[in-house]
Amino acid sequence: MALHPTAFYFGGVAFNSRNSVTFRRGNVRASGFSSLPLVSIPLSSLQCKAFSGDGLNETKDSSLVVCFGEMLIDFVPTTNGLSLAEASAFKKAPGGAPANVAVGIARLGGTSAFIGKVGEDEFGYMLANILEENNVNNEGMRFDPGARTALAFVTLKNDGEREFMFYRNPSADMLLQEDELDFNLIRKAKIFHYGSISLITEPCKSAHIAAAKAAKDAGVLLSYDPNLRLPLWSSADSAREGILSIWELADIIKISEEEISFLTKGEDPYDDAVVRKLFHPNLKMLLVTEGADGCRYYTKEFNGRVRGLKVDAVDTTGAGDAFVAGILSQLAEDLSLLQNEHRLRDALAFANACGALTVTERGAIPALPTREVVQNAILKFVA
């Protein structure tokens, strides 16, 4: 498909600062356990314009994106191409896909909040402070004195691809309960974003479903990135069933080529007919990320491909989350992008650049770019 002439849409964004939130260690709820078995995992902007006819709430005057799920610490080796046992040093980097998206949106000048649970420990409070320092509303965070904040050690291959080894089961993020949710914050959102890891175990699974239902009932746009981590599930079948169990609730879904193959049990992820099988009747947009090659987009009216920026990859951690932050930050400003293919392509070019820039540094949150950095990179690429 021929590409449109290059012209990038950057809606005006007002940067909203907020009052800081102080977390006191005495005001937490206890639940869960403290044991942490080891699991090894190999892996290969602000007023919304009216958007008619889709059943979404058009009256919201906020561009708030609320991200729900896990936040953890990634330990990333300072040298690529070594196993975890061989690595001599690691960089401590905050991460967790939904939290990455929240910070990514804030870095781009948007308004975001994070809802999830961490341990009542030094890492948990560090993560809460990192959100605050990045202007992410962290009032929906909860602390668990009976479980630790999740940790992940990340092995980087020479091409920047990763393998994970998680310390969890249970970690605090798995123990968030429905009665700990900030439903007022959820209902204020323009967009509610989540993944599938929070669906793996109770009580977080029930909290996830309750939060998504509350958002849907309030007319909030629902954004879903399955973010498949297969060895965290009890089996491939349970992972496929869990991911698809909430598939038709989402308004926007972002998936990778590998996830298409997994969900369709091995069908060709580059075949548009295969991808269309995943397009449910109420879906407004399906996005397929292809790493350095950019992304594909599918709506009811049109579909196409937007090329990415070519960069030297150091660490691919957080690239998909940066892409999601890039597109959601623009949709939060103007949902009518979903109806205008030319402007949507511009927004996706911006999102592709967000993802590309993130792989040039180690870690997820530390590498997420600002809007100015993304704009400069695009201008340099065009030139």
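Biologist: Is the β-α-β unit of strand 9, helix 4 and strand 10 right-handed or left-handed?

Modeller: A crossover is right-handed if, with the strands pointing away from the viewer, the path from the first strand over the helix to the second runs clockwise. Helices (H or I, at least four residues) and strands (E, at least two) are DSSP runs numbered from the N terminus. Here strand 9, helix 4 (residues 204–217) and strand 10 form a right-handed unit. This is a predicted model, in which local features need pLDDT of at least 70 and side-chain atom pairs count only at pLDDT 80 or more, while totals for chains, interfaces and linings use all residues. Residues are numbered from 1 along each chain as its sequence is written, and side-chain values use heavy atoms, with hydrogens and water left out.

Biologist: In what sense do strand 9 and strand 10 pair, and over how many bridges?

Modeller: Two strands pair if DSSP finds at least two bridges between them. Strand 9 (residues 191–194) and strand 10 are parallel, with four bridges. I191 is opposite L221 of strand 10, and F192 has L222 as its bridge partner. On to strand 11 (residues 252–256), strand 10 is again joined in parallel, by two bridges; there Y224 is the bridge partner of I253.

Biologist: Which way do the residues of strand 10 point, and are they buried or exposed?

Modeller: Buried means under 20% relative accessible area, exposed over 50%, and partly exposed in between (1.4 Å probe, protein chains only). In strand 10 (residues 221–224), L221 and S223 point to one side, L222 and Y224 to the other, and all of them are buried. For the protein chain of 383 residues, the buried share is 59%.

Biologist: What is the strand order of the open sheet?

Modeller: The nine strands follow the order 6-5-2-9-10-11-12-13-14, and the pairing is mixed. Strand 6 (137–144) and strand 14 (303–306) are at the edges with a single partner strand each, so one side of each has no neighbour in the sheet. From one strand to the next, the twist averages 15°; axes are lines fitted to C-alpha atoms, for helices over the stretch in contact, and angles run from 0 to 180 degrees between N-to-C directions.

Biologist: What does V65 touch?

Modeller: Contact means heavy atoms within 4.5 Å. V65 belongs to strand 2 (residues 64–68) and is buried, its relative accessible area being 0%. Leaving out residues up to four places away in sequence, the residues that V65 touches include I105, I191 and L328. V65 and I191 are 126 residues apart in sequence, yet their C-alpha atoms are 4.7 Å apart.

Biologist: Why is helix 1 largely enclosed by the rest of the structure?

Modeller: Helix 1 (residues 97–107) is largely enclosed because ten of its eleven residues are buried. It lies across strand 2, strand 5 and strand 9, at about 150° to strand 5. Its buried residues also have helix 2 (122–133) and helix 8 (319–333) among their packing partners. Just after helix 1, G109 has a positive phi of about 95°.

Biologist: Which residues touch the most other members of the largest nonpolar core?

Modeller: A nonpolar core is a set of buried Ala, Val, Leu, Ile, Met, Phe, Trp, Tyr and Cys residues joined through side-chain atoms within 4.5 Å. Among the 60 residues of the largest one, these are M71, I327, L328, L331 and L348. Helix 9 (residues 341–358) gives this core its largest share, ten residues. A second, separate core has 44 residues, including V66 and L176.
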